[in-house]
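Hi,

Here is the structure I promised to pass on. Have a look, and my notes follow below.

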Amino acid sequence: MLITSETLNMLTTAYQTSFQKGLKAASPRALEIAMKTKSTSGETIYPWLGQFPQLREWIGDRQITQLKAFGWLIKNRLFESTVIVPRIAIEDDQYGLFAPLFEQMGDTTALHPDRLLFELIQMGFQSKCYDGQNFFDAEHPLKMDNAGDEVLVSNMQPGVGPAWFLIDASKPIRSFVWQERLPYEFQTINTHNSERVVLKDEYLYGVRGRVNAGYGLWQLAFGSKAALDWANYAAARHSMQSLRGDTGGLLGITPTHLIVGPSLEQAALELLKAALVENGRSNIWMDSAKLIVSPFLD
């Protein structure tokens with residue numbers, strides 16, 4: 001191939017098409033359970049995280065409840081992936097060999113939010129959230145009435161097995177945040193006089209994005225390392241559904257998703273998809289939550 005500006009532009013279009021093909025073919029799950037937000041700086045503060053007021057019967061004067069201001073901060077992170085195409089590969093008409101790399105780059109980019117989010121979820125047993133406790137913790141402090149009396153609330157089950165998680169993703173505010181400063185962008189360095197081409201005799205094609213995942217409301221998530229069976233699943237659901245807010249009212253939480261890693265896929269399928277269980281009994285938990293099996297969980 002004779003390398004000109006026109007042929008390089010054509011090649012960029014072809015590689016970008018392969019990238020988009022991989023991007024569209026992937027099936028990410030992160031935004032099913034995370035709240036997507038737009039960041040406008042290197043970090044974003046979420047001052048409203050905490051318990052919010054509930055409706056009450058209006059008797060007497062209106063009661064004004066201040067939103068808690070914990071100042072929870074999520075810093076954006078910079079990510080990139082780059083493919084090098086040697087100039088001689090283009091000159092010798094070998095450029096088509098690189099198309100699968102760009103398709104794979106698109107697939108990897110599409111699944112990158114899943115990688116960050118599910119790694120964050122798994123670290124929730126030892127990572128702090130807005131109230132100063134670990135995200136999955138047995139001692140989340142919660143004020144139950146206007147007198148300021150505080151109780152400790154749990155959103156976890158202890159154990160020694162692989163972790164599994166229940167999430168309520170039906171609320172406008174969710175248990176996890178997907179934050180975008182700059183979404184993923186396909187970029188190129190392919191002009192004749194660029195320093196890279198002159199010194200290295202190679203063209204660069206890649207993707208760049210500034211994003212991050214962070215913790216939101218712990219009340220909408222439950223983590224367990226106990227066995228994934230009927231009893232523990234039922235206990236976890238009941239624990240979430242029994243949560244009350246600052247004024248003592250039920251929060252109306254209903255788990256929508258069960259999240260597991262590959263090692264618990266069979267147990268999760270038996271729990272949520274099998275019509276019959278031992279002794280021919282009907283499975284009362286069938287389809288009680290959507291199942292996410294993530295390869296990014298151990």
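In helix 6, Tyr233, Ala236, Arg237 and Met240 are buried (under 20% relative accessible area with a 1.4 Å probe, protein chains only; exposed is over 50%, partly exposed in between). Looking down the axis of helix 6, these buried residues sit within an arc of 95°, so they line one face of the helix (the arc is taken from the directions from the helix axis to the C-beta atoms). Ala231 and His238, on the other side of helix 6, are exposed.

What covers that buried set? The cover for the buried residues of helix 6 includes strands 7 (156-157), 8 (164-167), 11 (221-224) and 12 (257-260), plus helix 7 (265-272); contact here means heavy atoms within 4.5 Å.

Before you go further: this is a predicted model, where local features need pLDDT of at least 70 and side-chain atom pairs count only at pLDDT 80 or more, while totals for chains, interfaces and linings use all residues. Residues are numbered from 1 along each chain as its sequence is written, and side-chain values use heavy atoms, with hydrogens and water left out.

Zooming out, the chain has 7 helices and 13 strands (DSSP runs numbered from the N terminus: helices are H or I, at least four residues; strands are E, at least two). Of its 298 residues, 43% are buried. Among contacts between residues at least 6 apart in sequence, 75% join residues at least 24 apart.

Cheers
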